[in-house]
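Here are my notes for a first look at this one. Have the structure open while you go through them.

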Amino acid sequence: MPRKKYIVTLTETERQHLEKLTQTGKTAAYVITHARILLKADTSQPDGGWCDADISAALDVGTATVERLRQQFVEEGFEACLSRKTRVYTRLLDGNQEAHLIAIACSNPPEGQSRWTLRLLSQRLVELGHVESVSHETVRQTPKKNELKPWRKDCWVIPPEQDADFICQMEEVLDLYSQSEDPSYPLVCFDEASKQLSKETHIPQAAGPGQVAREDYQYERNGTANLFMFSAPLLGWRHVEVTEQRTQIDYAQQMKWLVDVGFPGALQIRVVQDNLNTHVKASLYKAFEAPEARRILERLDFHYTPKHGSWLNMAEIELSVLSRQCLDRRIPDLETLKIEVAAWETRRNDTANKIDWQFTTQDARIKLKHLYPSFEE
C-alpha cells in the first residue's frame, strides 16, 4: 500500500474537542462528519489511523472527501477542517460589458448559425474588444439575470403595421361580441381542427399507488379525422361534428345542419369564421342545387376574422377546451373519436359553460394602436 502523503496526527486536546463535537446534537452535520473522519484518520491512536477506504465505508462518505480533509488538515490546520469556506465571487462583467452582451444576444447570429450560443457570445465579446477574455459560464449569468434566452424562438402571429383591413374586420367581430343575445339572430362561432388517430401497440398500464399511468412510446398511426366546431358563446352551447375530411362539400353540409337542425327557428344566424379556402358561399353551390344553396345562404350572415387574427374567433377557445379535456390522449379510430367527442359535448352543454369575452373595440384601439393608420392634422 502506498504511503500516505498527508498524515493526520491529533493532540490530546484536539481529540477531546472532536469527541465532544460528535456527542452533541447542536453541531452542523458536516462538522460532525469531518470530526469523525479526523478521529478515525488520527495516527496517534494505539493501533494507528484507519485507511481511507475503511473510513469511507464506515462513515458513508467518498474516499475523495477523506483525502481532501487530510490535505486540508496538513496545509491549513485543525480549525480550517471544522469551518466551511465562504466563496467570494468576483464580478467579471461590469454594467457596460453586460449591456454590450445583451445587444449582441439580441442581434442576428453569425452566418452558418441558427442562434447564439453561450460560447459564441463569449467569443464575440472578446472579438469586439469589450473584454480580454471571458468564459461561457460567466456569460451565462447575464442572460439568466435579465431573463434573456437568445437560444429560443417562439412562433407567433405578427400582424402587419397600420393595416386598415385588419382593424376593419376586427372591429366588426368585436362589435358582434358586444351585442346582447337575440334568439332571432343567434351568434355562432365556427372553426375546425384535425386529430391524428393512433392505435396502441402495447397494452397501457394503469396508474397505481406510487406509479403514474404508463403507455409505450410506440404507436400505430391510423389516419386523421376532422372536427367541425360550432359554439354559441352567449348561450353556453356547442356542437362538434367528426368527419373524415374537410372539403367544400363537408363545410356546406355543416352550414345546412346549422340552419335546419341547430337553429331552425332563427331568422338569420350570424356566423363568425376565419378565412379558410372552404369557408366561402360558393361551397354551398358546389354541394347543393342553386335553390337549396340560396335558401341556406339567406339564413346565414357571415363575418370573417381578419387574416392573422383567428384568435378573435371564440370557437378556438372551445377547441382548446376540447383538446385539453378530451383529445389529449391516443384515440384509435373514427368511431371511438365520435363517441368520446359526443360524450364531452353532452356534458359541457349540460353545464351550459359560457365564454366571458372581455376584449372590446375600445380595448383594441388602445392596446393595438399600432395597427391603426395614423393621421396628421
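**Notes on the model**

1. Let's start with residues 186–338: their end C-alpha atoms lie 26 Å apart, and the span is 31% helix and 29% strand. Helices here are DSSP runs of H or I with at least four residues, strands are runs of E with at least two, and both are numbered from the N terminus. UniProt, in an unreviewed entry, puts the feature "domain: Tc1-like transposase DDE" on residues 186–338. UniProt positions follow the numbering used here, feature names are shortened, and annotations may be inferred rather than shown by experiment.

2. A word on ground rules. This is a predicted model, where local features need pLDDT of at least 70 and side-chain atom pairs count only at pLDDT 80 or more, while totals for chains, interfaces and linings use all residues. Residues are numbered from 1 along each chain as its sequence is written, and side-chain values use heavy atoms, with hydrogens and water left out.

3. Now the overall build: the protein chain has 14 helices and 5 strands. Its radius of gyration is 35 Å, well over the 21 Å that the globule rule gives for 377 residues, so the chain is more spread out than a compact globule. (That radius is taken over C-alpha atoms, and the rule is 2.2 Å times the number of residues to the power 0.38.) Along the principal axes, the C-alpha atoms fill a box of roughly 110 × 65 × 40 Å. Of the 377 residues, 37% count as buried, meaning under 20% relative accessible area; exposed is over 50% and partly exposed is in between (1.4 Å probe, protein chains only).

4. Next, the sheet. It is open, with 5 strands in the order β3-β2-β1-β4-β5 and mixed pairing; two strands pair if DSSP finds at least two bridges between them. At the edges sit β3 (237–243) and β5 (300–304), each pairing on one side only. Strand β4 (residues 269–273) runs parallel to β5, with 5 bridges joining them. Arg 270 stands opposite Asp 301 in β5. Helix α9 (residues 248–262) packs on the sheet and touches β1 (187–200), β2 (219–232), β3, β4 and β5; contact means heavy atoms within 4.5 Å.

5. Which residues touch the most other members of the largest nonpolar core? They are Met 170, Tyr 177, Leu 322, Leu 327, Leu 337 and Val 341, out of 35 residues. (A nonpolar core is a set of buried Ala, Val, Leu, Ile, Met, Phe, Trp, Tyr and Cys residues joined through side-chain atoms within 4.5 Å.) Helix α8 gives the most to this core, with 7 residues. Val 341 is in contact with Leu 227, Val 240, Val 242, Cys 326 and Leu 327, leaving aside neighbours within four places in sequence. Apart from this core lies another, of 21 residues, including Phe 190 and Val 271.

6. Have a look at Gln 162 too, in the loop between α7 (136–145) and α8 (164–178). Its C-alpha atom is separated by 4.1 Å from that of Leu 371, 209 residues apart along the chain. Gln 162 is partly exposed, with a relative accessible area of 46%.

7. Finally, a backbone detail to check. Asp 60, in the loop between α3 (52–59) and α4 (63–76), has phi near 60°, a positive value in a residue other than glycine. Asp 60 is exposed, with a relative accessible area of 70%.

Technical notes: Axes are lines fitted to C-alpha atoms, for helices over the stretch in contact, and angles run from 0 to 180 degrees between N-to-C directions.
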